[in-house]
Each structure stands twice: as structure tokens, then as C-alpha cells.
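The following exercises are to be worked with the sequence and the structure at hand. Each task is followed by a solution in steps.

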Amino acid sequence: MARIDWTAKLMGMRRLLAAMPVVLAAFGVAVTASSTPRPEIDRRAETVRSLTGGHLGARGFAAITARMDASQLAIALRHDPETQRAALYGLTPGWESLTLAGRPTLDLGVTGLDAMKLNAATPDAARFLRVAAPFVFKPATAEDRRRALRCLTQGIYYEAALEPTEGQEAVAQVILNRVRDPNYANSICGVVFEGAERTTGCQFSFTCDGALARPPVSWAWNRARVVAERALAGHVSARVGTATHYHADYVHPWWAPTLNKLTQIGAHIFYRWKGVYGEPAAFRQPYAGREPLIDEARFSRPRIQIASASEAELVLDEAAARGESIMRTVEIDGRTRVVGVASLGGRRQATAAEIAAINQRLAAFEAPAAPPPPSTPRVAPPGVTPMDVEEVGRPVS
């Protein structure tokens, strides 16, 4: 009969008892995990995987959107940060930018709500902000000083008359930065009116859209002039630094993604060149000191072709006979229109008689109404004692 080694068995039992808590803990964790509800994100991921079949490209996206009705798809598009389509929900196109103030921009690109969404989604590249050096203004003569001050004031006034002072200073900084940029003219008037001699291509829209024909408002002009004088004296707009471009926040020009967006001040978004071309060292072009003589009477006329309705139709008929596709901006019976393949419509200026009639109707509408005639007090019948009525719960005032 073999002898049992009770010592070895006892040691084995001790090891088993020592490992028992670990085994029980692992079993409890397994039971708890099996009874805990799965996270919502896991269930969503499994649903997406089953719908798309594992394809996360256009095929998978189509499989998901195919299950949505029109309202669900509209909500999804509204919350999609990458979409470039505006959900106008049946509103008249252009409703968001209908205004009696301002003027149409000459920048090509997205406009309205689409532009605002794209501009807001573009992150600021504040890390590329560099403080520009003060502008060294040394005009050759007193006349050159007067011309430079006037051109800079015009740029500030017609581009940012109603902007905050900081926004006007930023516009002045952009103009002076361009004077020192080898890509532009080396004088202030040359920069402001660059491209104005052409039908298209003016750098500042007020130099070719007829805005100069409207006399400036004195208080706004004086405010812009003060900003221009400070800029020529060496004041630097630190928030825009070496910016050379800007546009209103309701447009998104084609060139915006090619530059570094720095910041937004008021309604204007400011940009600088990318890379070394936006660094302070790149602005090395010396100021010429002499300012060109600007023919403001010439640039005060809008660049449109004046034609009668019959002349415009004749031009279009001749082009159609030649098989050509043309588009021209003309004024027809008091209306400015783009005619040709596409017509953008126009808006007729109201006559003096129409304005007087409108003002008369507004005055009649705003006039206070005549008070109603006082009512005759009621007389109590004989034998009836009148008593005051107490209104319970009526506020004191």
C-alpha cells in the first residue's frame, strides 16, 4: 500500500485557497461586463457598419442617406460642417443680403449665407501674425503729401466708413503694406487706384463702380482723414500686421483659401501672403515719394455701356446671328442690366416724385392718431344708487 504524502497535498490546498480570490474576482468582472448595457457609441458604430457593409466612402454615405426622408436629410445637411450648400427652405434666393445699404462686390466667389458659413469655418492662422514696421512717409513735395493723404482717406472712407476705428486702421494698414510689397505700386495713390483704368480688375471696388461720384459725408470723411494721418505718422495696426488682402464677411472670394486668414475686425476679414512673402522682410519696396495725379472725374463714372432698349436688342441679335455668346452690362430705360446668356437683373433708381410720394405715405403712417371723442357719462335711472366697482387682482400700476 502506497504511502500518501499529506504534506504535499496540504501545500497544494493552501495554494488553491490563495488563488481563489483572484478567480472569484475575474468571474465577477465577467458577469458584470455581460450584464452592463453597451455604450451608445458602440451601438451606433455597429449600426453604421451594418448599413454600409464596411464601406466608409461615397458608397457607404449613399447607403445611410438613402434611409432618410427629406426632413431628416435637411437636418443632417444643416449640421454638416463640410457642406457648402445653404438650406434656404423655399425662401427667395438672396433674401439674406437684401439691403438698402452698401454696394455689390466685384469679388467673384460665394456670397450670402454660404460665404458666412465658409468664412466662419475657416480657422484663424493667428500664429502667422507678424507686426509690421511703421510706414516711412517721406513725400517729395507738399503736393505729393496732399495727394497721398487724400488717396488714403478715400480708401478708408469708401471701404470702411461705418467700420469701427480699429477696422479703419486695419484697412489703412493693408494699403500701406501694399505700397511696400513688390507686387504692387510703390505709391499710395498708385495702390488705391491700381487697375481702375481697366473695365475690370480694380483692386478697390470704389474706384470703378461709380462710388466716387457720390459726395462724402463730412463727419465720416473727417473721421477717415484722422485715421489716415495717424497711419502716415507711423501708427501700426497690430491686429492685422502684414496683411495685404481683406474682404467683407458676406463674400468668399476665390483667392481666400490661398492666403493665411489672420482675423476679422467688424465686417472685414484680413489675410496675409503665405510663407516668406508674408513676413516683414518681404515688404522691402521703398516708397516712391511721388504720387500720381488721379483723374477722379474719369473714375467717378461707373464702367457700364449706355444703350437704349432697341440698341441692346440689336447687339444681341447680331451676336446670336454670328453664333457668339456675349454678356454686357448696359443701362436700358433707366435699369442697369447684364444682358447676354445670363441676366442678373437690375434695380431702377426712384425718381424725385416717387420718393416724395413714399415720404408722404410714411409721414401719414407715422402721424399720431387722433384721440377718440370723450364718451358721455351714463346717468343712473331713478331709484338706482351708482356704486364704484372694485376690480380684484388688478395691478396697481
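**Exercise 1. A patch on the surface**

Which residues form a nonpolar patch on the surface, and what is their accessible area together?

Solution. The model is a predicted one, in which local features need pLDDT of at least 70, side-chain atom pairs count only at pLDDT 80 or more, and totals for chains, interfaces and linings use all residues. Residues are numbered from 1 along each chain as its sequence is written, and side-chain values use heavy atoms, with hydrogens and water left out.

Step 1. Apply the rule for patches: the residues have over 30% relative accessible area and no salt bridge, like charges are joined within 9 Å, and nonpolar side chains (Val, Leu, Ile, Met, Phe, Trp, Tyr) are joined within 5 Å. The areas come from the Shrake-Rupley method with a 1.4 Å probe, and for residues only the protein chains shown count as cover.

Step 2. The patch consists of Leu162, Val217 and Trp219, with about 370 Å² of accessible area together.

Step 3. Place Trp219 in the fold: this residue belongs to helix α9 (residues 218–232). Helices (H or I, at least four residues) and strands (E, at least two) are DSSP runs, numbered from the N terminus.

Step 4. Trp219 counts as exposed because its relative accessible area is 52%.

**Exercise 2. Salt bridges**

Determine how many salt bridges there are, and examine the pairs of Asp124, Glu143 and Glu296.

Solution. Side chains of opposite charge can pair when their charged atoms come close.

Step 1. A salt bridge requires a side-chain nitrogen of Lys or Arg within 4 Å of a carboxyl oxygen of Asp or Glu. The count by this rule is 10 salt bridges.

Step 2. Asp124 pairs with Lys261, and their closest N and O atoms are 3.5 Å apart. This pair links distant parts of the chain, 137 residues apart: Asp124 is in the loop between α5 (113–121) and α6 (142–160), while Lys261 is in strand β4 (residues 260–265). Asp124 is partly exposed, at 43% relative accessibility, whereas Lys261 is buried, at 8% relative accessible area.

Step 3. Glu143 pairs with Arg146, the closest N and O atoms being 2.7 Å apart. Both residues lie in helix α6, and because they are three residues apart there, about one helical turn separates them. Glu143 is partly exposed at 33%, and Arg146 is partly exposed at 44%.

Step 4. Glu296 pairs with Arg150, with 2.8 Å between the closest N and O atoms. Glu296 lies in helix α10 (residues 296–299) and Arg150 in helix α6, so this pair ties together parts that are 146 residues apart in sequence. Glu296 has a relative accessibility of 24% and counts as partly exposed; Arg150, at 34%, is partly exposed.

Step 5. Note also a network of salt bridges that links Arg130, Arg272 and Glu279.

**Exercise 3. The cavity**

Solution. Rolling a probe the size of a water molecule over the atoms shows where empty space is left.

Step 1. On a 1 Å grid over the protein atoms alone, a cavity is a set of points where a 1.4 Å probe fits but cannot get out, and its lining residues have an atom within 4 Å of a point. By this rule there is one cavity of 30 Å³ or more.

Step 2. The volume of the largest cavity is about 50 Å³. Grid points are joined across faces, edges and corners, and the volume is the space filled by probe spheres set on the points.

Step 3. The lining is made of Glu169, Ala172, Gln173, Leu176, Val227, Arg230, Ala231, His235 and Ser237.

**Exercise 4. Far in sequence**

What is the C-alpha to C-alpha distance between Leu113 and Val251, and what is the distance between Thr165 and Val226?

Solution. 

Step 1. Leu113 and Val251 are 138 residues apart in sequence, and their C-alpha atoms are 8.7 Å apart in space. Leu113 lies in helix α5 and is partly exposed, at 27%.

Step 2. Thr165 and Val226 are 61 residues apart in sequence and 10.0 Å apart in space, C-alpha to C-alpha. Thr165 belongs to helix α7 and is partly exposed, at 35%.

Note on methods: Buried < 20%, exposed > 50% of the residue type's maximum accessible area, 1.4 Å probe, protein only. 1 Å grid on protein atoms, 1.4 Å probe; cavity = no way out; pocket = protein on both sides within 12 Å on 5 of 7 lines; lining within 4 Å.
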